[in-house]
Amino acid sequence: MQIAEQILPKDMGDLFDQNERLRIPSYQRRYSWEEEQFADLWSDLEKIGSDGSHFFGTIVFMSGTHVAGGTNEIDIVDGQQRITTVSILLCAIRDHLRETYEEDDVEQRVESINENLWIVDRDGEKQGMRLNLGNLDRESYESLVKGYIDEIENGKIINAYGFFRDRLESDCADLDEVKEIHDRILDQLIYVSITAKGHSEAYQLFETMNNRGLSLSPIDLMKNYLLMRASDRANANEDRVEDLWGDIIKNLDSVSDVNNPGVTFFRQYFMSSRVLEIREKITTKKLYEPTFIETIDGADDIETLLTDIREKSSLFRKLLQQDIDQFSPSENSEINRLLRDAQIVSITPFTFFLRAFSESDDVELLKEVIRKSNALLIRRQICDRNTGPHDTIFNHLSHNAFESTDPLEYIDEYLKSEGRFPNDEQFKRHFKQENFSRSDGTKYILSKIEEDHFGHGGKEVVESRYQVHIEHILPTYPGKNLSRLWLEPFDISDDEHDDFKNKIGNLTLLEEDPNISASNRSLEKKQEYYSEEATDFIMTHELQDKERWGVSEIEGRSEELAAIAAKEVWRL
């Protein structure tokens, strides 16, 4: 079956010298090349001999009806990363020429590059950019093409532009070498152009081809399969499907604090969706095939399914960015504070949170869902439980808790069964034996004890948690002061120092300045920074009256904090 109208070898100059506007559809992934790909392109250009060429790969286009004498719009189905990078490089050459050289023909060369970047009519008037990026990249790319470098906000585009500016300055000794790089781009970079007949054929090509550049992610494959199937459905509006997918990707692209937010969201969507009722763990390996393929193939109405996914992707973004806003200001603040705690503990329970916030607008219930999930995971983490069952646990709760007349009672009974929730004795034993690192997780644990037990609660502790330091009462670093001021006076051996310095009983919270000042000073000097005048943390005030700080004191305080953690903080 012939699926393409044209399969032709061309040079890049042809691409930048024709009456066609290249469009990267909104459903395509954002510009994402890194320095490794920039360096490869630059290296390839430098290696091209005077009579040689470099194969730049295959680029798949899809075009509508061509208008004679008009500007035609062509979608880039595959190759957008490469074309965008070459365009950024052309901008870098243009600006390097303009800022570095004053020869007579430089301005002519600069104008030639601008004509590569813009569609220009017969009178030399610009009719629009030759390359139009997707919604999230368009504004920064347009600023680059216009030369407004200071207005570019997209870090990927800035990094690419900066890389090429640096290489032009360091690797090109004179104007002739810069011109040579420009000429190689237009005349000696060769690509195979494939213009597909329609959507279905274009997406088939996209999935089967293995072009140079970033490998296809599950999200790329999912998008491609979705659009291919939509083009085959009589009841699916392709433009509407593309717009819905673009909205989903826009929601996910704005989530910056999670690795692979697209993969994370779709795994959690599939495991929590009332519409799909998938009652099993979905791994990354299973995400595209069979899960996504079977979901799309089985959907009676793709647009209805995508509308639900779009709604949940927006909720996912709000959950991860702690931007829940449908309740009163004070309720929103408390919910978002709990979500921030949850994200520090683990991203896994957000599967359950997606379902809970879709099912209920009961603030107290939602707060308890988050709190119980945090308690479960803190206990399992401290007790070194296998993380493998966590997805299964939250998948089960997503599909069963809200079928019960009392969701919170169902959660408690399910978690207590089969040893899923470590009991108090197990938790206390592991808690006091745990070696705690300097991390946000440890700050969270100490601040929750401060808040729930010592009563220094509410907004102040939560906001200060990210501005405070973990103070080791018995200092961690070796040296003369450690031996003279701590180990010898309190009968602590080197082995005991290694064993007990990171136990919970040896840790407290201090604001940044006191912590730096306390450092490796003596206990008596440190206690000056533990006073009510020096710090707001009540757990730290309690250390002021200690006359010694040895192994027994650390063990005793570890016991106390373990009991508080089990009975008052991370409980059902």
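Keep in mind that the model is predicted.

Let's start with salt bridges. The structure holds 40 of them. I'll pick out a few.

Take Asp75 and Arg23. Their side chains meet in a salt bridge, with 2.7 Å from N to O. Asp75 sits in strand E4, residues 72-78, and Arg23 sits in strand E2, residues 20-23, so the pair ties together parts that are 52 residues apart in sequence. Are these two residues buried or exposed? Asp75 is at 9% relative accessibility, so it counts as buried. Arg23 has a relative accessible area of 24%, so Arg23 is partly exposed.

Val77 is buried, because its relative accessible area is 3% and the cut-off for buried is under 20%. Now look across to Gln28. The C-alpha atoms of Val77 and Gln28 are separated by 8.2 Å. Along the chain, the two residues are 49 residues apart.

Next salt bridge: Glu280 with Lys286. Here the N to O distance is 3.3 Å. Glu280 is partly exposed, at 40% relative accessibility. Lys286 is partly exposed as well, at 28%.

Lys525 and Glu528 form a salt bridge at 4.0 Å, N to O. Where do they lie? Both are in helix H25, residues 523-529. They are three residues apart, about one turn of the helix. Lys525 is partly exposed at 41%. Glu528 is partly exposed at 48%.

Salt bridges can also link up. Arg274, Arg355, Glu359 and Glu403 are joined in a network of them.

Which residues form the negative surface patch? They are Glu46, Glu102, Glu103, Asp104, Asp171, Asp174, Asp176 and Glu177. Let me zoom in on Glu46. Glu46 is in helix H2, residues 35-47. At 38% relative accessibility, Glu46 counts as partly exposed.

Now a pair of strands. Strand E9 covers residues 468-472. How many of its five residues are buried? Four of them are, so the strand is mostly covered. E9 pairs with strand E10, residues 507-511. The pairing is antiparallel, over five bridges. To find your place in it, look for His472, which stands opposite Leu507 in E10. One general point while we're here. In a regular strand, side chains alternate between the two faces of the sheet.

Last topic: the backbone. Find Glu289 and Pro290. A cis peptide bond joins them, with omega of about 15 degrees. Pro290 is in helix H12, residues 284-298.

Then come two loop residues. Asn260 has a positive phi of about 50 degrees, although it is not a glycine. Asn260 is in the loop between helix H10, 238-253, and helix H11, 261-272. At 56% relative accessibility, Asn260 counts as exposed.

Glu418 also has a positive phi, about 55 degrees, and is not a glycine. Glu418 lies in the loop between helix H18, 407-416, and helix H19, 424-433. What is its relative accessibility? It is 74%, so Glu418 counts as exposed.

Definitions and conventions: Residues are numbered from 1 along each chain as its sequence is written. This is a predicted model: local features need pLDDT of at least 70, side-chain atom pairs count only at pLDDT 80 or more; totals for chains, interfaces and linings use all residues. Side-chain values use heavy atoms; hydrogens and water are left out. Patches are made of residues with over 30% relative accessible area and no salt bridge: like charges are joined within 9 Å, nonpolar side chains (Val, Leu, Ile, Met, Phe, Trp, Tyr) within 5 Å. Accessible areas come from the Shrake-Rupley method with a 1.4 Å probe; for residues, only the protein chains shown count as cover. Lys and Arg count as positive and Asp and Glu as negative; His and the chain ends are not counted. The place of a charge is taken as NZ of Lys, CZ of Arg, CG of Asp or CD of Glu. Helices (H or I, at least four residues) and strands (E, at least two) are DSSP runs, numbered from the N terminus. Buried means under 20% relative accessible area, exposed over 50%, partly exposed in between (1.4 Å probe, protein chains only). Two strands pair if DSSP finds at least two bridges between them.
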